[in-house]
Amino acid sequence: MQKITILMTSDTHGYWIDVPNQPDQSLLNTAATLKRLKQESTHPTISIDLGDFIQGSAFATYCSQIAENGSVFARAMNDLAYDAQIIGNHEFNFGPEYRESILNQIMAPIICSNIVDAQTGQPVLGQPYKVIEVEGIKVGIIGTTTHYIPNWELPKHYEGLAFKDAFETTKFYAEQLRSQVDVVVVAYHGGYERDLDTGEALEDLTGENQGARMLQEIPEIDVLLTGHQHRLINQQVNNAWTVQPGYAGECVASITLTLDNKEIVHMTGELHDTSLDAADTAIKDVVNPERTIGEQWLKQVLGTAKLDVPVADAFEARLTGTPFVELLNQLQLKETGADFSAVTLINESFVKFKGPVTNEILLEVYPYYNRIAKVQLSGQDLYEIVEFNLEYWTLNEKGEVQVNPDYIDPKPRHYNYDLFTGLTTIANLSKPLGQRVEQLLDERTQLPIKRDQTYTIAVSQYRAVGGGDYKTYTPDKIVSISEIDIATRLREALADFTSKNWAAINANYRHVEWLTHS
């Protein structure tokens with residue numbers, strides 16, 4: 001009998017200083033867990049990272065936007081001595097030069113089968129698969145990345161590249177490898193589109209996530225490693241074992257295979273809670289001096305936000321509106337000159353945007369460097385968008401408003417609900433889906449939106465291309481995309497806004513009238 005353990009991390013998002021809502025934890029803990037598992041293993045290990053490791057945290061933003069150097073992430077990954085590196089969708093956020101400067105320093109082989117040269121059709125970001133032999137056992141690892149990236153990214157961030165269907169590409173290489181290796185591992189930066197037990201669809205089947213289909217229709221797979229959705233998954237499906245280790249290094253996944261005469265006879269998996277390991281002090285030196293300098297930058301005060309916080313609960317803030325979102329919407333309107341604007345309340349940290357605001361607070365409440373898109377829509381489009389937006393809410397048996405469970409499980413999707421400015425929505429949640437909008441009013445005139453008239457709306461570049469399953473937004477409707485991102489405009493507001501500006505925002509942040517009658 002022989003054993004092999006596969007260790008996997010994914011979606012660490014550069015949290016080398018701290019992780020969300022856990023100020024005493026960071027990827028230093030994750031590093032400690034990974035190193036311990038390697039040291040304690042009595043049999044060979046193969047370690048793989050599934051990507052999204054250069055974007056997401058305030059520290060990652062400091063490296064990309066201020067220092068303009070992401071070498072620290074390559075040094076950290078090299079210190080952890082991974083056997084393979086997969087590319088995530090967020091590796092594309094800051095453009096090819098920044099991405100390639102980091103990937104070129106990664107010592108582990110980069111495995112990416114389905115991102116190809118647009119002209120030749122050949123894999124261009126690393127090799128499509130890697131065969132690793134340990135103690136006579138051949139393990140074939142296929143690297144695949146969600147092919148949905150062009151639906152989110154600016155074209156210049158993936159110029160010259162094409163994204164082949166992740167399922168079809170994985171199937172092709174799995175069939176090729178099966179006869180050449182003893183174990184087929186698919187390392188997929190993507191998640192599951194269906195419930196793994198019932199087969200029920202968990203989302204619109206856009207192709208963004210195809211893990212469930214891979215498990216059902218590619219019998220050559222022995223192990224499916226996944227990421228992207230930030231879920232905690234550890235289970236067997238048919239004859240394969242599949243895992244997903246969460247977000248920001250909260251878990252390291254392990255899958256242990258037992259083989260007899262090179263045939264798998266048993267497999268099991270585990271998610272290791274990294275908070276149980278003390279921070280690894282050795283790797284702290286590896287991520288310095290950037291980590292220390294980044295901490296100092298994050299503590300810098302940018303200015304004072306004279307915003308009210310009428311409600312501190314994110315649920316209530318989404319239901320009634322909040323001045324912080326109004327601020328974002330007003331900045332988008334000013335940038336684009338659009339008729340209306342829509343912004344999502346990303347997380348619960350909006351309450352911190354009051355009084356002195358540091359770089360860290362700003363990046364916590366708005367962690368993305370999204371550009372602002374001006375989109376041209378018909379009045380009918382606006383009605384369709386708002387109707388879809390209102391699917392976020394539902395009524396319980398008592399008639400009380402609550403968040404639609406589909407937006408909470410299996411993955412929280414609060415970022416799919418937008419708050420509008422310049423547009424008053426009169427809504428009735430007791431009506432069926434698709435019929436909840438009683439009326440949309442143009443706040444400039446207080447007249448109803450005309451379905452056959454043309455309007456413009458300011459939204460993030462993510463939303464403008466249909467991000468969040470908003471099918472009415474399509475790239476061909478984009479009039480312009482700003483050169484300046486929203487986070488930069490927030491910094492400018494902190495420096496330039498007058499008391500009058502703040503007062504106007506505090507006085508005008510409610511744009512929905514909820515009707516209670518049937």
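**Values and definitions**

Guide: Tyr-15 has a relative accessibility of 9% and therefore counts as buried. This is a predicted model, in which local features need pLDDT of at least 70 and side-chain atom pairs count only at pLDDT 80 or more, while totals for chains, interfaces and linings use all residues. Residues are numbered from 1 along each chain as its sequence is written, and side-chain values use heavy atoms, with hydrogens and water left out.

Visitor: Why is Tyr-15 called buried at 9%?

Guide: Buried means under 20% relative accessible area, exposed means over 50%, and partly exposed lies in between (1.4 Å probe, protein chains only). Tyr-15, at 9%, is therefore buried.

Visitor: What makes Tyr-247 partly exposed?

Guide: The relative accessible area of Tyr-247 is 25%, so this residue is partly exposed.

Visitor: Why is the pair of Phe-388 and Tyr-470 called edge-to-face?

Guide: Rings of Phe, Tyr and Trp (its six-membered ring) pair if their centres lie within 6.5 Å; planes under 30 degrees apart count as stacked, over 60 as edge-to-face and the rest as tilted. The centres of Phe-388 and Tyr-470 are 4.7 Å apart and the planes stand at 80°, so the pair is edge-to-face. Phe-388 belongs to helix H12, whereas Tyr-470 is in the loop between helix H13 (461-464) and strand S25 (478-485), 82 residues away. Helices (H or I, at least four residues) and strands (E, at least two) are DSSP runs, numbered from the N terminus.

Visitor: What makes helix H12 mostly covered?

Guide: Nine of the eleven residues of H12 (residues 379-389) are buried, among them Tyr-383 and Phe-388.

Visitor: How do you know that Arg-451 lies over the face of Tyr-383?

Guide: A charge sits over a ring if NZ of Lys or CZ of Arg is within 6 Å of the ring centre and within 35 degrees of the ring normal. Arg-451 is at 3.8 Å from the ring centre of Tyr-383 and lies over its face. Likewise, the charged end of Arg-213 sits over the ring of Phe-167, 3.7 Å from its centre.

Visitor: How many disulfides does the structure hold?

Guide: A disulfide is a pair of cysteine sulfur atoms within 2.5 Å, and the structure holds zero of them. Cys-63 has a relative accessible area of 0%, so Cys-63 is buried; Cys-112, with 0%, is buried as well.
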